[in-house]
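Here is a briefing on one protein chain.

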Amino acid sequence: MGVGIAAPPNILTTTIEKAARWAATRSMFPATFGLACCAIEMMATGAAHYDLARFGMEVFRASPRQADLMIVAGRVSQKMAPVLRQVYDQMPDPKWVISMGACASTGGMFNNYALVQGVDEVVPVDVYVPGCPPGPQSLMHGILTLHRKIMEGEIHR
């Protein structure tokens, strides 16, 4: 019978990968990219009533070089698409994208030549938040869904 070495009861063991994923979900900094009415709901999510600070996301970054989460809130015009891509390209890795609202996700009710029919044509999207406009609770659910996907290793960057 072999003798195993038992860890003391106050020791926490994990892998470096799990610790890095935990740290990434607890310190996301969203980029401000509000384009239409969904942006008002995104701003409300960061206000005191909904308090994104409890998820480590209290500061929306104005610089893409300080952000690792892009929340595309609203309709994306053909003229805005290259700007959106440039902001995405300037974000450091790892980076994630949430598409907020029907307009960002599918073009919404605006099925015409002037609007991008889904932001996933411009940048890779990790989580879609449905609604027109989705409320702060929906955005928070989308953020927590993104956290879960990162923690479970579904998203690799």
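**A buried aspartate and the sheet behind it**

D126 sits in the loop that links α4 (102–106) to β4. The model is predicted. Relative accessibility of D126 is 11%, so this residue counts as buried, the cut-off being under 20%. A polar atom of the D126 side chain lies 2.9 Å from the backbone nitrogen of V97.

**Sheet**

- Four strands make up an open sheet, ordered β1-β2-β3-β4, with parallel pairing.
- The edges are held by β1 (30–34) and β4 (127–129), each with a single partner strand, so one side of each has no neighbour in the sheet.
- From one strand to the next, the twist averages 20°.
- Strand β2 (residues 69–73) runs parallel to β3, and five bridges join the two.
- Within the sheet, V72 faces a residue of β3: S99 stands opposite.

**Strand β3**

- How many of the five residues of β3 are buried? Five of the five are, so β3 is largely enclosed by the rest of the structure.
- Both faces of β3 are covered.
- On one side, W96, I98 and M100 are buried.

- Helix α1 (residues 16–26) has R21, A24 and T25 buried.
- These three cover an arc of only 95° around the axis, which puts them on the same side of α1.
- That buried set packs against β3 (96–100) and α5 (136–151).
- Helix α2 (residues 38–46) lies across β1, β2 and β3. The angle between α2 and β2 is about 135°.
- In α3, the buried residues are A81, L84, V87 and Y88.
- Their arc around the axis is only 125°, which places them on the same side of α3.
- The buried residues of α3 pack against β1, β2 and β3.

**Nonpolar cores**

- The largest nonpolar core holds 22 residues.
- Which residues have the most contacts inside this core? They are L69, W96, I98, L139 and L146.
- Two or more residues each come from α2, β2, β3, β4 and α5.
- The top contributor to this core is α5, with five residues.
- L139 touches M42, T45, I71, I98, M100 and V129, leaving out residues up to four places away in sequence.
- A second, separate core has 16 residues. Among them are V76, A81, V97 and V123.

- V76 lies in the loop between β2 and α3.
- Is V76 buried or exposed? Its relative accessibility is 1%, so V76 counts as buried.
- Beyond its neighbours within four places in sequence, V76 is in contact with L35, A81, L115, V116 and V119.
- V76 and S105 are 29 residues apart along the chain, and their C-alpha atoms are separated by 9.5 Å.

**Backbone details in the loops**

- D93 and P94 are joined by a cis peptide bond, with omega at about -5°.
- P94 belongs to the loop between α3 (81–90) and β3.
- A cis peptide bond also runs from C132 to P133, where omega is near -20°.
- P133 is in the loop between β4 and α5.
- D51 is a residue other than glycine with a positive phi, near 55°.
- The loop between α2 and β2 contains D51.
- Relative accessibility of D51 is 34%, so D51 counts as partly exposed.

- Start at V97: its backbone nitrogen lies 2.9 Å from a polar atom of the D126 side chain. V97 is also one of the residues in the second core.
- Then turn to I98, which is among the residues with the most contacts inside the largest core.
- Finish at A81, a buried residue of α3. A81 is in contact with V76.

Technical notes
Residues numbered from 1 in each chain as written. Predicted model: local features only at pLDDT ≥ 70, side-chain atom pairs only at ≥ 80, totals over all residues. Heavy atoms only, no water. Buried < 20%, exposed > 50% of the residue type's maximum accessible area, 1.4 Å probe, protein only. Arc of directions from axis to C-beta. Contact = heavy atoms within 4.5 Å. Pairing = 2+ DSSP bridges. Axes fitted to C-alpha atoms, helices over the stretch in contact; angles between N-to-C directions. Polar contact = N/O pair within 3.5 Å; in protein donor to acceptor, adjacent residues only side chain to side chain. Core = buried A, V, L, I, M, F, W, Y, C linked by side-chain atoms within 4.5 Å.
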